Amino acid sequence: MELIPLKQISVSDRQRKFFPLDKIIELAEDIRRNGLLHAPVLQADSLDLLAGERRCRAVEMIYDTGGQFMYGGELIPPGLIPITRAHSRDAIGWMEAELSENLARQDLTWQERAQALLHLDDLRKLQNPGHTEADTLTEVRAACGDNPPGLPVLREEILLAKHLGDEDVAKQKTRSDAMRVLRRKAQLQRATALGQQFDLSAKTQSPHTPVNSDCREWLSFQPSGTFDLILTDPPYGIDAQDHNEQNILGHQYDDSYPSWRELMLWFAGESYRLAASDSHLYLMCDIERWYELRGLFTAAGWRVWRRPMIWNKGNGMLPRPDYGPRNTYEAILFATKGEKKIKVVGNIPYSISSPILFHILEHNPK
């Protein structure tokens, strides 16, 4: 048995970055009661740790509280720790062994496993230029025994590891949340690129006039009776800024109920002023706000359809994944001014309108 002072062990470039205190306390208590079953593994010719940092931390906690522990049937003197030496593996082999052990135990954070997978993949490619990412994932799965993670999961983790420098990605609690952020940012980048392609010549040929402005300020200058159709997706007054599970990148407006109520009181009357004598209004909303909106827009002069229209959004969102079903639809308030009719093409009714007002109502749009 080789014993060395615990404080002499060198720990660097480890796969595991975070150690929940409660888990270290549990491990320390287990070692104190039952002894240390497996000694930490060090390099063959140095004091560099290869595997067993949790065990080292648990032993340190035992010593800090005045305790001792057994190993191999012997009581270990205070301040010392038994170790084993790595003689048969190179650095890559030990890294793969540590990763396999951690994956099987499944208590690495997703960030730690992602970084470890990427590091291992990089080392393999340095060792063999013909090595591929698929080869790395196949090897890792084979080393994980009877319950290996799926290839899609491992592919996502390697992809996320390349984006851990992005704080919005790195701070997410789960891999799924991080992937949603990454996909959302990719969508925003594609939208920005498309917007940049919409140059001046394209704008002159388009039937649409995009406007980026404060809605209250811009609408106040528009003549009454201008729009045949108003289609809008305003704030819902449901504190969406707190719905971090789905809107991970955050809302850029105040979605509190008081702010929503004040905005809708203004817009009910302003939309009626802007609407042509024969026109339609489609106002997306939360189902809990639809009845209140019906009263506001009826009072402003609109004739509100007596039932909400339902927008089926398919798979929908998971506001609280562990506590309830998906949100698969949103409500739409439909209202008319005058006697404008719906035109039916095939079996699909829709409003023929020109010009159209379509806008997102925000106090500070970007």
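In this predicted model, strand 1 (residues 2-5) and strand 6 (residues 80-86) run antiparallel and are joined by four bridges. Within this pair, Pro 5 stands opposite Leu 80 of strand 6. Strand 6 also pairs with strand 2 (residues 41-43), here in the parallel sense, over three bridges. The bridge partner of Val 41 in strand 6 is Thr 84. Strand 2 in turn pairs with strand 3 in the antiparallel sense, over two bridges. Strands of a sheet pair through backbone hydrogen bonds, either parallel or antiparallel.

Taken together, these pairings belong to an open sheet of four strands in the order 1-6-2-3, with mixed pairing. Strand 1 and strand 3 (49-51) stand at the edges, and each has a single partner strand, so one side of each is left without a neighbour in the sheet. From one strand to the next, the twist averages 55°. Helix 2 (residues 53-64) lies across strand 3 and strand 6. This helix runs at about 110° to strand 3.

The wider chain can be described next. The protein chain contains 12 helices and 14 strands. It has 366 residues, of which 37% count as buried. Its accessible surface comes to about 21200 Å². Carbon and sulfur atoms account for 52% of that surface. Contacts were also sorted by separation in sequence. Among those between residues at least 6 apart, 69% join residues at least 24 apart.

Charged side chains form a further set of links. Side chains of opposite charge can pair when their charged atoms come close. The structure holds 16 salt bridges. One of them joins Glu 29 and Arg 33, with the closest N and O atoms 3.6 Å apart. This distance falls within the 4 Å cut-off, so the pair counts as a salt bridge. Both residues lie in helix 1 (residues 21-34). They are four residues apart, about one turn of the helix. Glu 29 is partly exposed, at 33% relative accessibility. Arg 33 has a relative accessible area of 56% and is exposed. The cut-off for exposed is over 50%, so Arg 33 passes it.

A second salt bridge links the side chains of Asp 168 and Lys 185, at 2.8 Å from N to O. Asp 168 lies in helix 7 (residues 167-170), whereas Lys 185 lies in helix 8 (residues 175-197). The pair therefore ties together parts that are 17 residues apart in sequence. Asp 168 counts as partly exposed, at 26% relative accessibility. Lys 185 is also partly exposed, at 21%. Buried means under 20%, so Lys 185 does not count as buried.

Conventions: Residues are numbered from 1 along each chain as its sequence is written. This is a predicted model: local features need pLDDT of at least 70, side-chain atom pairs count only at pLDDT 80 or more; totals for chains, interfaces and linings use all residues. Side-chain values use heavy atoms; hydrogens and water are left out. Buried means under 20% relative accessible area, exposed over 50%, partly exposed in between (1.4 Å probe, protein chains only). Contact means heavy atoms within 4.5 Å. Accessible areas come from the Shrake-Rupley method with a 1.4 Å probe; for residues, only the protein chains shown count as cover. Two strands pair if DSSP finds at least two bridges between them. Axes are lines fitted to C-alpha atoms, for helices over the stretch in contact, and angles run from 0 to 180 degrees between N-to-C directions.
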